[in-house]
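Biologist: I would like to learn how to read a few features of a structure. Could you take me through one?

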Amino acid sequence: MVAVMHEVFGPAERFRPAKAESWHEIEEWAGLELPRDYKQFVDGYGDAVVFRHLCIAHPEGSEPLLKVMQEERQIFLAHVEGVFDKAPGESSGLGRFLPWAYHNFNGDFCLLVPPSAGEPDWTVAVSFRQCSEVQIFPGGVVEFLQALVRREFPRGWPQVGFEWVSAEGSPLI
């Protein structure tokens, strides 16, 4: 997996992965163990903007990942009943989805979709802010990002090449 990320995105921009305690705090809140490819990507490239508009938070970044997940989840689930008081791991349906990135051009959310009886692996979904639609994409985070590199963007996203820019004021520099 690391070789695929290096091949697609180049050498990791971050040389210090998040502390195990930081990931543990996020997974404890979520009630789920996050996918390894996602954590490796965030450790190497997080607290940044990729593809000019996709904001990737890091557990120890300028806007900590846990805070981003919690805030974006509340916005995402604003119209879904009965899930605010439950952890994602205790919820069902859309309540299980975890925000992992947001698009600063149009406000869309990228979501991690946990495994289920019908889908044994983590997948990625995009919640379109301009319309109430959630689209599930095959594969995990790395496969989703590889599709973006091939310029296979979700509807309404600017067609841009790969670019990585550190978040302004990032403590990870």
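Modeller: Glu60 counts as buried because its relative accessibility is 16%; buried means under 20% relative accessible area, exposed over 50% and partly exposed in between, with a 1.4 Å probe and protein chains only. The model is predicted: local features need pLDDT of at least 70, side-chain atom pairs count only at pLDDT 80 or more, and totals for chains, interfaces and linings use all residues. Residues are numbered from 1 along each chain as its sequence is written, and side-chain values use heavy atoms, with hydrogens and water left out.

Biologist: Where is the place of Glu60, and which residues does Glu60 touch?

Modeller: Helices (H or I, at least four residues) and strands (E, at least two) are DSSP runs, numbered from the N terminus. Glu60 sits in the loop between β2 (54-56) and α4 (65-76). Contact means heavy atoms within 4.5 Å. Not counting residues up to four places away in sequence, Glu60 touches Arg16, Ala18, Lys19, Ser22, Pro171 and Leu172.

Biologist: With which side chain does the side chain of Glu60 make a polar contact?

Modeller: A polar contact is a pair of N or O atoms within 3.5 Å; within protein, one must be able to donate a hydrogen and the other to accept it, and residues adjacent in sequence count only if both atoms are side-chain atoms. The partner side chain is that of Ser22, at 2.7 Å. The side chain of Glu60 also reaches the backbone nitrogen of Lys19, at 2.7 Å.

Biologist: How many residues has the largest nonpolar core?

Modeller: A nonpolar core is a set of buried Ala, Val, Leu, Ile, Met, Phe, Trp, Tyr and Cys residues joined through side-chain atoms within 4.5 Å. The largest has 42 residues. Its largest share, five residues, comes from helix α5 (residues 141-149). Apart from it lies another core of seven residues, including Phe109 and Leu111.
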